[in-house]
Amino acid sequence: MGNIHTVGPNEALIVSGGCCGSTKRVTTVGGWSWAWWLVTDVQRLSLEVMTLNPHCESVETSQGVPLSVSGVAQCKIMKADELLHTASEQFLGKSVREIKMTILQTLEGHLRAILGTLTVEEVYRDRDQFAALVREVAAPDVGRMGIEILSFTIKDVYDDVQYLTSLGKAQTAMVKRDADAGVAEANRDAGIREAECQKSAMDIKYSTDTKIEDNSRMFKLQKANFDQEVNTAKAQAQLAYELQAAKIRQKIKNEEIQIEVVERKKQIEIEAQEVLRKERELNATVRLPAEAESYKVEILAEGRRTQTVKIAQAESEKIKLLGTAEASAISSVGKAEAERMRQKAAVYKQYGDAAIMSLVLEALPKIAAEVASPLAKTDEIVLIGGPDNTTADLTRLVGQIPPAINALTGVDISKTLSKIPGASYTPKPTAVK
């Protein structure tokens, strides 16, 4: 029967032995392994970092000055198969404390050996070089144990004979002396430099002020030019905007006119189509029936005309025969009447206006009767006006009689009466009921 063992990445699992007396050894890091009961040995080896504090007291340097040195070292067992096999041979079965103690003694031995080859000044002034030298010398020895030195630093260096203190005092005095001289030289150089800086500052200030004024003047001039350009551009933009607006309005107006023209054209086309429709309707409802009726009437009229012509020809022949007889009679009567009229004309010519007046006077009663016939049906005539206007109205009424006779007969009765001796015509007012 067997069992399964697991291990993390910070440990190494070493399984030794096996069936049939096998001496095979299996090393597992961060995995699992099978182990037989009773016949195999399972052990673990830590791979974690180990922190060591090597310390050496009163170790004489090359000058014979005893020094005490303490450091800090970080070490761990390497995971390479061969090195891990070497470490398992040397440390398997030991605790971590025992492993640390073995490595610590090795580091302290190398630290003592190297410290005896150096002077106090070398150790004190360059601790990093001292620590690197220790690590370099100790690394091969601990490496043969399967151990890797990750880091080694010197933590402290001191002595019990005040050598380091005296060395520090001399060094301090030298440093103070150099510091005082340096301060004096620094103050001198600072005064000179300060004066030079003040002069340079004043020169720079004057130069800067001059440049500022020049730049300010140039800025103002440039700003004025820019303002002029901006105002010009604004004016041009405003004019361009107004011009463009006017063009757009003109374009809109043209488009509206075009739309109106198109509408009118369409209206005209519609009206033309309506006229054609009405014309066709009229042609269908009126003209064609009228033409048919006209043709009918024309045919009937032609028949009637033929009939009338025939009748007229017969009637004409009849009238012609009657006319011939009547013409003979009328000729005889006309000749008698012409003779009568010739004789009457001779009489009129002999008597002149008196004869004409006689005819007029003979006709006046008839004229008066015709004029008065409507008045015979009138019961009463009322004249509207004052007493002063009645006579004038009657006089005007009577005065209109001669012109009326002249218009009817062509005879001026006033002139005719004035030519007759002892005769005169003066209209007199008469009362009218």
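Let me start with helix 2 and helix 4. In this predicted model, helix 2 covers residues 96–115 and helix 4 covers residues 127–143. Their axes come within 9 Å and cross at roughly 130°. The crossing of helix 2 over helix 4 is right-handed.

Which residues make the contact? From helix 2 we have Ile 103, Thr 106, Leu 107, His 110, Leu 111, Ile 114 and Leu 115. From helix 4 we have Phe 130, Leu 133, Val 134, Val 137, Ala 138, Asp 141 and Val 142. Sorted by class, that contact holds 11 nonpolar, two polar and one charged residues.

Gly 71 sits in strand 8, which runs over residues 66–77. Is Gly 71 buried or exposed? Its relative accessibility is 2%, and the cut-off for buried is under 20%, so Gly 71 counts as buried. Setting aside neighbours within four places in sequence, Gly 71 is in contact with Leu 52, Asn 53 and Pro 54, and also with Thr 153, Ile 154 and Lys 155. Pro 54 is 17 residues from Gly 71 in sequence, while their C-alpha atoms are 5.4 Å apart.

Last, the whole chain. The protein chain has nine helices and nine strands. It has 433 residues, of which 18% count as buried. Taking contacts between residues at least 6 apart in sequence, 67% join residues at least 24 apart. The accessible surface of the chain is about 31700 Å², and carbon and sulfur atoms account for 58% of that surface.

Key: Residues are numbered from 1 along each chain as its sequence is written. This is a predicted model: local features need pLDDT of at least 70, side-chain atom pairs count only at pLDDT 80 or more; totals for chains, interfaces and linings use all residues. Side-chain values use heavy atoms; hydrogens and water are left out. Axes are lines fitted to C-alpha atoms, for helices over the stretch in contact, and angles run from 0 to 180 degrees between N-to-C directions. Helices (H or I, at least four residues) and strands (E, at least two) are DSSP runs, numbered from the N terminus. A crossing is left-handed if the near helix is turned anticlockwise from the far one by less than a right angle, and right-handed if clockwise. Contact means heavy atoms within 4.5 Å. Ala, Val, Leu, Ile, Met, Phe, Trp, Tyr, Cys and Pro count as nonpolar, Asp, Glu, Lys and Arg as charged, and the others, Gly among them, as polar. Buried means under 20% relative accessible area, exposed over 50%, partly exposed in between (1.4 Å probe, protein chains only). Accessible areas come from the Shrake-Rupley method with a 1.4 Å probe; for residues, only the protein chains shown count as cover.
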